[in-house]
Amino acid sequence: MEVCVATCNRADYSKLAPIMFGIKSHPDDFELEVVVLGSHLIDDYGNTFRMIEQDDFDIGSKLHTIVRGEDEAAMVESVGLALVKLPDVLQRLHPDILVVHGDRFDALALATAAALMNIRILHVEGGEVSGTIDDSIRHAISKLAHYHACCTRMAEQHLIAMCEDHARILLAGCPSYDKLLLTHQRGDYLDIIKSWLGDNVQEGNYIVALQHPVTTDIQHSIKIYGLMLDALLSFDKKTLILFPNIDAGSKEMVRVMRRKGIEQHPNFRAVKHIPFEQFIQLVCHAGCMIGNSSCGVREAGAFGTPVINLGTRQTGRETGENVLHVRDADSHNKIFHALELQFGKRYPCSKIYGDGNAVPRILKFLQSIDLDEPLQKTFCFPPVKDSISQDIDHILETQSALAIDLGGTNLRVAIICMKGSVVKKYVQPNPRTFEDRMSLILRMCRDAMKDAVCLNCRILGVGIGGGIIHHNELVHGSTFCAAELGHIVVSLEGPECSCGGHGCIEAYSSGMALQREAKKLHDEDLLKVEGVDMKLSEPITAAHLISAARMGNSKADAILNKAATALGAGIINILHIVNPTLVILSGVLASFYQAPVQRIISERALFSTKGTKVVTSDLEEPALLGAASMVLDYTTRRIY
């Protein structure tokens, strides 16, 4: 696999170098190409390309892409210049994978060029949140990238939330941790401190300062920089201060530093660049680090070095307890007080950003990439309602729903149109077993779907009757079985229900329950009324029980009273839980139950619900219409 690593500045090289060493150590698996651009090639920023050469990497291409000016326009022009120069290099190298780091404007140019030239991109450190324009650039690169090596669990979740494919996201940790966790305990750290700060400086008795411009509020960041320098001058400790990066506003920050005489001050050592291994030693053993560099909130935490983070540039970054934020750094005294609080402390080491094993994970991830899979990346968007295009066939068709009513006696399926009319209805006796019921429902639905084509009905969805509607949405429950209202238990010792339990409303009040009781009376020859010819014939139904009660059969009347009481008690339970404004009964038994249920509610319900009105539905097939209305309302709803 040909892997091209492109580095733009000293900061991203500290993250990419461990990956480059790892790739170079596997010559049988990878061929490494190195492209250098950006501030690496500028003298004012230390000509840091030389440290890449000192690390014994062959630089395949050096691209001068920085337009000087250090303002917003210069940043835009630098991106444009990079886009002009990169195509020739990428066309010549034609790598399988381009590795890009972070959130710099140079990296955005790299990702844009590679994406347009159909080169796969691995983005390192995507998904993080820091503040300023960096966030927008970082997320833009993530959208262009095909693969992601992120540093924290939160960054991984951010990428998933951005609809990136989870299978192409590697939670690796920060590659720089692989190096710093190995090198920060070097025995020569005192020599390094003395070489940069002088012989009289002791471990823990100096400050490392690194402040960059905030491109979305340049003037305010320059003001904070001046206040930081004033606080450091007052604090009177030896300070190693690094020049800011090349972002817009950096030139003005350097002018502020020179106006205050920092470069000539005996307490300060101002430098453009420090090799990463030595810089890590200096941060590790410092009494404090101050500024807004990501190093303060990332790498410094691994050593427990106290950090003062100024301004908003790192807002949103995950930090350890070693970081004290001074986001509104609007006064010299506030920053000075933060120095007093933090200087000389030590904190527990944090490994939020890595455990020292990022590079092996990234190499294994690269080896797993199938270069034959389609180059076009896909996004994992959350499910949304499919749009219905304007099509003549849709206009001519009758928008309809398939409604299902799982009754105790019968299964009913109907095609119902937008106007609420039943176009066609299908009724079958309800089988005894669950499997047979499901098989019958599916068969009835298939038949209805076939007929819908002939009837010019466009089925928008399937609705099942029975349930609770809250804010126009069906309440599903955790296992999609909410609102089994017929199985509210009203007696612990009641008759057995079809669900296997005892004392459910359905066991007392359903059509099947009344039919069962009617058959018992008939078998015992007790369904007749003395002096009245009821003309009983099979099959016996609930209607026979109601007729017998109306004609004076006391046993039939007792059964119906018990059924009405059970239904009323169950409805009272619902009233006490949901507190609806109206109870609507439907079905063939509705007219019989309406009066007794109203009476039971008025007698037994709490005062707050006993006035709830009970009415019967006068709609044709209300259960089927209710099921259909859920589909028709949802699929044709317009939200503005």
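Tutor: Arginine 138 and aspartate 103 are both buried (under 20% relative accessible area with a 1.4 Å probe, protein chains only; exposed means over 50%, and partly exposed lies in between). This is a predicted model, in which local features need pLDDT of at least 70 and side-chain atom pairs count only at pLDDT 80 or more, while totals for chains, interfaces and linings use all residues. Residues are numbered from 1 along each chain as its sequence is written, and side-chain values use heavy atoms, with hydrogens and water left out.

Arginine 138 and aspartate 103 form a salt bridge with closest N and O atoms 2.6 Å apart; the term requires a side-chain nitrogen of Lys or Arg within 4 Å of a carboxyl oxygen of Asp or Glu. This pair links distant parts of the chain, 35 residues apart: arginine 138 belongs to helix H5 (residues 132–144), and aspartate 103 to the loop between strand E4 (97–101) and helix H4 (105–116). Helices (H or I, at least four residues) and strands (E, at least two) are DSSP runs numbered from the N terminus.

A second salt bridge joins glutamate 156 to arginine 153, with closest N and O atoms 2.9 Å apart. About one helical turn separates these two because they are three residues apart in helix H6 (residues 153–161). Glutamate 156 counts as buried at 6% relative accessibility, whereas arginine 153, at 55%, counts as exposed.

The partners are 209 residues apart and link distant parts of the chain: arginine 412 is in strand E15 (residues 410–417), and glutamate 621 in the loop between strand E21 (613–616) and helix H22 (622–636). Glutamate 621 is buried at 13%, and arginine 412 counts as buried at 19%.

Over the whole structure, 27 salt bridges are found. Salt bridges also link Lys15, Glu125, Glu128, Arg298, Glu299 and Arg317 in a network.

The largest cavity has 39 lining residues, with Asn9, Arg10, Ala11, Asp12 and His212 nearest its centre. Helix H1 supplies the largest share of that lining, six residues.

Methods
1 Å grid on protein atoms, 1.4 Å probe; cavity = no way out; pocket = protein on both sides within 12 Å on 5 of 7 lines; lining within 4 Å.
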